[in-house]
Amino acid sequence: MAGETDSGRPVPGAVLAAVAGAIGIAAEGALLSLGLAVAGIILIALGLKSIGAILVLAAIPIALFFRDPDRYPARTENVVISGADGKITDISDVSFPGSPGRLSHRVSVFMSPLNVHVNRAPVGGEVTMVEHTAGEFRAAFRDDASEHNERNLIAMTDASGRMFAILQVAGYVARRIVCRLRARDRIEPGQRIGLIMFGSRVDHFFPSEYRVTVALGQRVRAGESIIGAIEQ
């Protein structure tokens, strides 16, 4: 949706978002790659062919970084869906963010620059809080990155009142977190909710009554891979 990020910066408008969706790329990436390509063409026209060609060529990997394929989860009831593409780097039991007495599973997914960068909702329900915290830009795979790095916490509840959260964590390369949600927004499982530019990490928090269904080192896909489930 068009609007603002958690830090108040504007996101691309509806027209650009529609165009970006048609070509399968996140709107922020479309804006950046298009800007580079146009700047390169202008420089070429002005006779600065080498610099212009570099900018035009740079637009290609930028577009690849921000690719945004359609994803459809095979199951949405009583499951937690990965909010990020990448590799599982941590599975642990920790306190739910902001609730020291509430134990939850934490599953961390590290996103490399080659992964799809678009983040998705792990469950359906209502957003209860979006909280941005300024911080450092340490390597995102380090366990303490979630405490010291630039980060954005999104908390939510499902129809049964169960509490979930994802934490978007910026890393050494990633210098901007985009979140398209606000408190009281309704979300669907696998819905696009934002992105972290050029990689980084997403931590998922979900109730201990769920069984973790992934293992360390496993590769997952946002909007498709199930990382937790309640067996019926």
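Author: Arg184 lies in the loop between E8 and E9. The model is a predicted one.

Reader: What makes Arg184 count as exposed?

Author: Its relative accessibility is 70%. The label exposed needs a value over 50%, so Arg184 counts as exposed. Its phi is near 80°, a positive value in a residue other than glycine.

Reader: Where is Asn78, and what is its phi near?

Author: Asn78 sits in the loop between helix H3 (49-65) and strand E1 (79-81). Its phi is near 60°, positive although the residue is not glycine.

Reader: Why is Asn78 called partly exposed?

Author: Its relative accessibility is 21%. Buried means under 20% and exposed means over 50%. Asn78 falls in between, so it counts as partly exposed.

Reader: How do you know that E5 and E9 pair?

Author: Two strands pair if there are at least two bridges between them. Two bridges join strand E5 (residues 125-133) to strand E9 (residues 186-187), and the strands run antiparallel. Gly125 stands opposite Ile187 in E9.

Reader: What joins E5 to E6?

Author: Seven bridges do, and these strands run antiparallel. Strand E6 covers residues 151-157. Val127 in this pairing stands opposite Met156 in E6.

Reader: Which bridges and partners link E6 to E7?

Author: Seven bridges join E6 to E7, in the antiparallel sense. Thr157 has Met163 in E7 as its bridge partner. The two strands form a hairpin, with five residues between them. Gly161 in the turn has a positive phi of about 85°.

Reader: How many bridges join E7 to E11?

Author: Five, and the strands run antiparallel. Ile166 has His204 in E11 as its bridge partner.

Reader: What makes E7 mostly covered?

Author: Strand E7 covers residues 163-169, and six of its seven residues are buried. Each buried residue has a relative accessible area under 20%.

Reader: In what order do the strands of the open sheet stand?

Author: The order is E4-E10-E8, with antiparallel pairing. Strand E4 (118-120) and strand E8 (177-179) stand at the edges. Each has a single partner strand, so one side of each is left without a neighbour in the sheet. The twist averages 25° from one strand to the next.

Reader: What holds the pairing of E4 and E10?

Author: Three bridges link E4 and strand E10 (residues 192-196). Pairing needs at least two. Arg120 stands opposite Arg192 in E10.

Reader: How many aromatic pairs does the structure hold?

Author: Three. In one of them, the rings of Phe96 and Phe205 have their centres 6.5 Å apart and their planes at 75°.

Reader: Why is the pair of Phe96 and Phe205 called edge-to-face?

Author: Rings pair if their centres lie within 6.5 Å, and planes over 60 degrees apart count as edge-to-face. The planes of Phe96 and Phe205 stand at 75°, so the pair is edge-to-face. Phe96 lies in strand E2 (residues 86-96) and Phe205 in strand E11 (residues 200-207), so the pair ties together parts that are 109 residues apart in sequence.

Reader: Are Phe96 and Phe205 buried or exposed?

Author: Phe96 has a relative accessible area of 5%, which makes it buried. Phe205, at 6%, counts as buried too.

Reader: What makes Phe206 and Tyr210 an edge-to-face pair?

Author: Their ring centres are 6.0 Å apart and their planes stand at 80°, so the pair is edge-to-face. Phe206 is buried at 0% relative accessibility. Tyr210 is buried at 3%. Phe164, Phe206 and Tyr210 form one aromatic cluster.

Reader: Which residues have the most contacts inside the largest nonpolar core?

Author: Val80, Ile154, Phe164, Leu181, Phe206 and Ile227, in a core of 27 residues. The elements that give two or more residues to this core are strand E3 (99-111), E6, E7, E8, E10 and E11. The largest share, three residues, comes from E3.

Reader: What does Leu181 touch?

Author: Beyond residues up to four places away in sequence, Leu181 touches Val127, Val130, Ile154, Ile187, Gln191 and Ile193.

Reader: Which residues does the second core include?

Author: This separate core has eight residues, among them Val94, Phe96, Ala165 and Leu167.

Key. Residues numbered from 1 in each chain as written. Predicted model: local features only at pLDDT ≥ 70, side-chain atom pairs only at ≥ 80, totals over all residues. Heavy atoms only, no water. Helix = DSSP H or I, 4+ residues; strand = E, 2+ residues; numbered from the N terminus. Axes fitted to C-alpha atoms, helices over the stretch in contact; angles between N-to-C directions. Phe/Tyr/Trp six-rings, centres within 6.5 Å; stacked < 30°, edge-to-face > 60°. Buried < 20%, exposed > 50% of the residue type's maximum accessible area, 1.4 Å probe, protein only. Core = buried A, V, L, I, M, F, W, Y, C linked by side-chain atoms within 4.5 Å. Contact = heavy atoms within 4.5 Å.
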